[in-house]
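The paragraphs below take them up in turn and then turn to the strands around them.

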Amino acid sequence: MAFPGSLGSIPAAGSEEPLRSAAPASSTRTRPRPALAPLTRAPYPAQLEGGVSLSRPPRAGLYLCAVAVALEVSVGKTNVVTALNGSDVLLPCVFTTCIGFSDLVFTWWYNDSTTLCRGFIKSKAVEPKVQSEDFRVVFVGSTTGKDNNISIVLLNVDFSDAGKYTCHVRNPKEKNAEHSSYIELQVVHKLVVADNTLTLIIVAVVGGLIGLLILFMLVKKVVLFIIKKTQDGKKECLVSSSGNDNTENGLAGSKAEQKVTPKA
């Protein structure tokens, strides 16, 4: 089936017809192009790069493993940062990859149109080489430590700096995998301190209730201990009194019956 203006014809699935180039009729090319090998539907490759042999396509588990090692970029728990007009603000960004990186390239953009800075990282053992497009953008990250930090600081922000800041990373080691994350910067004239009075009251009330409950349990335990000791003391008094009465009245088990009868 051929489409108008296409470079050639595409054979149907399973066809053995080779690909042909459809040159314009007015072409001045005189030397014929070499014929291409027939296009056939090849089976799944029996061997991958690195000499790993496969007799069938990879299972879902291998696919999940591939997803788990994908490149990921993060700007923290929240992507909204508020800065005071005229202050310096940190724009955090870190990236993670389980299989490592080499010749990695990262870029910071403002509002998806203006490039703030570019960076190149040869390997984990080498610090990034950064080129800033704005003198107010300072790179403060490092990738030779535990975290792959590519954060920047924006100096002396004003209201015109408010907007979207995107951190983009491309890792050639993962077949040029790319990922990005963004921060929404808000510039204000005055920072509003949150009123935590209600929160403090709730915490104090809950803490007081818990303290009263613990105190009640301690008092209850002490009272029960005293009652038990008192009851044990009364039982001992009753036993002693009963033994004395039996001895005086000559009852069974008393000392009177325990006297030895004199011999004749």
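This is a predicted model. Start with Cys-98, which has a relative accessibility of 64% and therefore counts as exposed, since the cut-off for that word is over 50%.

Cys-117 is a contrasting case: its relative accessibility is 1%, so this residue is buried. Which cysteine sulfur is closest to that of Cys-117? The closest one belongs to Cys-167, but the distance is 8.4 Å, too far for a bond. A disulfide requires sulfur atoms within 2.5 Å.

Cys-167 does have a partner, however. Its sulfur lies 2.1 Å from that of Cys-93, and the two residues form a disulfide. The structure contains 1 disulfide. This pair joins distant parts of the chain, 74 residues apart: Cys-93 sits in the loop between β5 (89-91) and β6 (94-96), while Cys-167 belongs to strand β13 (residues 163-171). The torsion about the S-S bond is about -80 degrees, so the disulfide of Cys-93 and Cys-167 is left-handed. Both ends are buried: Cys-93 has a relative accessibility of 1%, and Cys-167 has a relative accessible area of 0%.

Now follow β13 into its sheet. The sheet is open and has 6 strands, in the order β4-β14-β13-β7-β8-β9, with mixed pairing. At the edges are β4 (80-84) and β9 (129-132), each of which pairs on one side only. From one strand to the next, the twist averages 20 degrees.

Strand β14 (residues 177-188) pairs with β13 in the antiparallel sense, over 9 bridges. Within β14, Glu-178 stands opposite Arg-170.

Definitions and conventions: Residues numbered from 1 in each chain as written. Predicted model: local features only at pLDDT ≥ 70, side-chain atom pairs only at ≥ 80, totals over all residues. Heavy atoms only, no water. Helix = DSSP H or I, 4+ residues; strand = E, 2+ residues; numbered from the N terminus. Buried < 20%, exposed > 50% of the residue type's maximum accessible area, 1.4 Å probe, protein only. Pairing = 2+ DSSP bridges. Axes fitted to C-alpha atoms, helices over the stretch in contact; angles between N-to-C directions.
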